[in-house]
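Hi,

Here is the structure I promised to pass on. Have a look at it first, and then read my notes below.

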Amino acid sequence: MLKCFKLRNLGIFPNTILSPMDGVTDAPFRRLCRFLSKNRMGLLVSEFVPTDGDAVFCLDGHKQLKFFPEERPFGVQIFGRFPDRMAAAAKKIAENLHPEFIEVNAGCPAPKVAGKGSGSGLLRDLPRLQEILHDVRAALDASSVDIPMTLKCRIGWDDESINVMETLKIAEGEGVEMLTVHGRTRLQGYNGLANWDWIGKVASAAKIPVIGNGDVNSVATARERIETYGVSGVSIGRGAMHNPWIFGQIADAWEGKTAHEITAEEALDVFSLYYQFKLEDGSSELGALGRLKQLAARLCKGFDDPEMLVRQTLLTAQTPEAFFERLESLKNGAAKSMRYDPNRLVNLNGAKETELKFGDQFAGR
């Protein structure tokens, strides 16, 4: 089984990527995952950066571009529908920020993105996607920093127009050096199950590393996906939202180490670290408290806590001081008799899914 891969000359271990998720995977969350993994994350990628808004791309206008030295190897993901603007943004980012790679987004299903012809909207206009990739690669070649270009895409717009094999051909022809495939269509959004058969077809035909994305929520799932479908690695999104330890768990397994049992106290300690990272990123105390509560709502599902005491105690705090006072009370009291298991969160869709489902949550599709 593959446990690492190469992106140009860069060795990546473990063969995992934290999927960029707007409003979730900011620098504090990425740093949290890297810390919990003991610096064994594979690759980190920025939240996606828009390029269409301004005629002249300005680095200072995009908070998504901020990252910390310990996040490397780090990539910046950009999205847009205008090839010239995408190229100009890629060149400016490469020359000024020196990320390890630039990624083009052809996967975001959000109406405000795909509905305007960027993100997964590009899958309905492959000639435009090809022009974007061509121009971005040319801009990077003309820059003072020669770095890889990568691409993230979905398998197609809907079930009747799956064109991921055509996307692969275009990507390889235009110099893409790694392709991440989310095994859902744009119409699916994040509903139903990812179609890994299509991911496997891409991986078997590709000359470049192919990373599979969709429903990876445990060490066992990561291993099964890599072994069964021949991908070079896995990209993990919602699985990491509910289990930020997952990258370290995978690294431990790949290194042959005994699985570490996360104690209830360790799980609660995460909040202090995340709060520190939020403040270092420039967040206000109340803003950081809001993100603490978001994290608590997800992580608390891992506690053996039928009365939902941890969740109720933390989510009703009105100030950071109250939050951490309650946190200490839990650590010194009820949590001592609790067990914590992030693998309780095996189902990311809320209800058990047994087949692909197509919804109409995207207006004007």
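Before the cavity, a word on the term: a cavity here is a set of grid points where a 1.4 Å probe fits but cannot get out. Keep in mind too that this is a predicted model.

By that rule there is 1 cavity of 30 Å³ or more. The largest cavity has a volume of about 40 Å³. What lines the largest cavity? The residues around it are Ile 17, Pro 20, Val 45, Glu 103, Lys 152, Thr 180 and Ser 235. Sorted by class, that lining has 3 nonpolar, 2 polar and 2 charged residues.

Now the pockets. The largest pocket has a volume of about 450 Å³. It is lined by 29 residues, and the ones closest to its centre are Pro 20, Met 21, Lys 152, His 182 and Tyr 190. Pro 20 and Lys 152 also turn up in the lining of the largest cavity, so to speak of one is to come back to the other when you click through. Strands β7 (101–106), β8 (149–156), β9 (176–185) and β11 (233–236), along with helix α8 (238–242), each supply at least two residues of the lining of the largest pocket. By class, the lining of the largest pocket has 13 nonpolar, 10 polar and 6 charged residues.

The second largest pocket holds about 310 Å³ of space. Which residues lie nearest its centre? They are Gln 249, Ala 259, His 260, Asp 341 and Asn 343, out of 16 residues that line the second largest pocket. Helix α9 (residues 246–254) gives the largest share of that lining, with 3 residues. In this pocket the lining divides into 6 nonpolar, 4 polar and 6 charged residues.

Start with helix α2 (residues 83–97) and α4: their axes come within 8 Å and cross at roughly 30 degrees. That makes α2 roughly parallel to α4, since angles under 35 degrees count as roughly parallel. The crossing of α2 and α4 is right-handed. On the α2 side, the contact is made by Pro 83, Asp 84, Met 86, Ala 87, Ala 90, Lys 91 and Ala 94. On the α4 side, the residues include Arg 128, Glu 131, Ile 132, Asp 135 and Val 136. By class, the contact of α2 with α4 has 10 nonpolar, no polar and 5 charged residues.

Helix α4 (residues 126–142) also packs against helix α5 (residues 164–173), at an angle of about 25 degrees and with the axes 10 Å apart. These two are therefore roughly parallel to each other as well, and the crossing of α4 and α5 is right-handed. From α4, Leu 126, Leu 129, Gln 130 and Leu 133 make the contact, and from α5 it is Glu 166, Thr 167, Ile 170 and Ala 171. That contact has 5 nonpolar, 2 polar and 1 charged residues.

Finally, α5 meets helix α6 (residues 196–205): the axes come within 10 Å and cross at roughly 30 degrees. That makes α5 roughly parallel to α6, and this crossing is right-handed. Val 164, Met 165 and Leu 168 of α5 touch Trp 198, Lys 201, Val 202 and Ala 205 of α6. The contact of α5 with α6 has 6 nonpolar, no polar and 1 charged residues.

Cheers

Terms used. Residues numbered from 1 in each chain as written. Predicted model: local features only at pLDDT ≥ 70, side-chain atom pairs only at ≥ 80, totals over all residues. Heavy atoms only, no water. Axes fitted to C-alpha atoms, helices over the stretch in contact; angles between N-to-C directions. Helix = DSSP H or I, 4+ residues; strand = E, 2+ residues; numbered from the N terminus. Parallel < 35°, antiparallel > 145°, perpendicular 65-115°, else oblique. Left-handed = near helix turned anticlockwise from the far one by under 90°. Contact = heavy atoms within 4.5 Å. Nonpolar A, V, L, I, M, F, W, Y, C, P; charged D, E, K, R; others polar. 1 Å grid on protein atoms, 1.4 Å probe; cavity = no way out; pocket = protein on both sides within 12 Å on 5 of 7 lines; lining within 4 Å. Points joined across faces, edges and corners; volume = space filled by probe spheres on them.
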